[in-house]
Amino acid sequence: MSARVGVVLFPGSNCEQDVIEVVRALGGHAEILWHGDRSVGGADAVVVPGGFAHGDYLRPGAIARFSPVMEAVAAFAAGGGPVVGICNGFQVLTEAGLLPGALQKNRGLRFLCTPVDLRVETARSALTSGLAEGTVLRMPINHFAGCYTCDEETLAELRAEDRVVLRYVDNPNGSIDDIAGVCSAGRNVVGMMPHPERASHELLGSTDGLVLIRALLESAAVSSSRG
Amino acid sequence: MQFSVLVEVTLRPGVADPQGATIERSLPALGFTEVRGVTVGKAIRFTIEAAGEDAARARVAELCERFLTNPVIEDARIELHEVAAAR
């Protein structure tokens, strides 16, 4: 049976269809999880996609994190289920406390929409299992608040526990330690600012995002057989 | 009792403030060469109903902790004073 991926839709999300498209192209099953839902509907993995949930009012993710569906996502994550936040989804997961740190305005105060190179730093996460560490992937970033920030203690912990999943080869936004993506202590919750779903077809200029989504589908299948 | 509240949200010490830095860098061109230490935050105003000032302050502190600030990067300063209740 193909892995079932639930894609969360908040008012203001705008990358959910792209994620669904890629999951289906890779043979997975994808469905929308409405922000007002109180369950993840039997999903084997959850993606919190990019966009501007609730207009990014107050702070990106600050309002979205209180959506009913986020309680279900937190419970799913606590049970070891794979959860991936992309761009605004990463911001939502940090606000929800499912990932450490915070995303601040880019150091240069510019909205950045450009392809970047990312280095896979660990193969031990729901999004990178099976990948070779050191692999460089090219995909777009599209954000105003992508500067990853955390205190020294948290940074030391992330490094010591091998929880920096992706680093920018050439830091575009001032993120501490060039961090583009991190994972939870359980390694099943992953957040990243770049957009793998936008690097999923030759016509988009890169297919490097496919390996990440494929790894997620494999993590989902493992999670499904376990659960 | 009703209280008028001003919450000032500021970045925690040590957290980079690119907006403040950009404003400060632009000031000499306007002739304000004597200005230092520019920081940018948010001001959030509202009224709250509470039994007394301590109760109001505790409620607002909880609201700041859970929602109005991200404690990873932000601090809040709370100012409040009693106002005549609206009818």
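In which order do the strands of the open sheet of chain B lie, and in which sense do they pair?

Author: The model is a predicted one. In chain B, 3 strands form an open sheet in the order β2-β1-β3, and the pairing is antiparallel. The edge strands are β2 and β3 (74-83) of chain B, each of which pairs on one side only. From one strand to the next, the twist averages 20°. Strand β1 of chain B, residues 2-11, is joined to β2(B) in the antiparallel sense over 8 bridges. Within the sheet, B:Ser4 stands opposite B:Thr47, a residue of β2(B). Helix α2(B) lies across β1, β2 and β3 of chain B, and runs at about 150° to β3(B).

The contact with chain A may be considered next. It takes 16 residues from chain B and 15 residues from chain A. Between them the two chains bury about 1300 Å², with 64% of this area on carbon and sulfur atoms. As for polar interactions, 6 residue pairs are in polar contact between chain B and chain A, counting pairs with both residues at pLDDT 80 or more. On the side of chain B that touches chain A, the elements giving two or more residues are α1 (18-26), β2 (42-49) and α2 (53-68) of chain B. The residues of that side comprise 9 nonpolar, 4 polar and 3 charged. The rule finds 1 salt bridge across the interface of chain B and chain A. B:Glu74 forms a salt bridge with A:Arg59, with the closest N and O atoms 3.8 Å apart.

Methods: Residues are numbered from 1 along each chain as its sequence is written. Chains are lettered from A and ligands numbered from 1 in the order in which they are written. This is a predicted model: local features need pLDDT of at least 70, side-chain atom pairs count only at pLDDT 80 or more; totals for chains, interfaces and linings use all residues. Side-chain values use heavy atoms; hydrogens and water are left out. Contact means heavy atoms within 4.5 Å. Buried area is the accessible area (1.4 Å probe) that two parts lose on being put together, summed over both. A salt bridge is a side-chain nitrogen of Lys or Arg within 4 Å of a carboxyl oxygen of Asp or Glu. A polar contact is a pair of N or O atoms within 3.5 Å; within protein, one must be able to donate a hydrogen and the other to accept it, and residues adjacent in sequence count only if both atoms are side-chain atoms. Helices (H or I, at least four residues) and strands (E, at least two) are DSSP runs, numbered from the N terminus. Ala, Val, Leu, Ile, Met, Phe, Trp, Tyr, Cys and Pro count as nonpolar, Asp, Glu, Lys and Arg as charged, and the others, Gly among them, as polar. Two strands pair if DSSP finds at least two bridges between them. Axes are lines fitted to C-alpha atoms, for helices over the stretch in contact, and angles run from 0 to 180 degrees between N-to-C directions.
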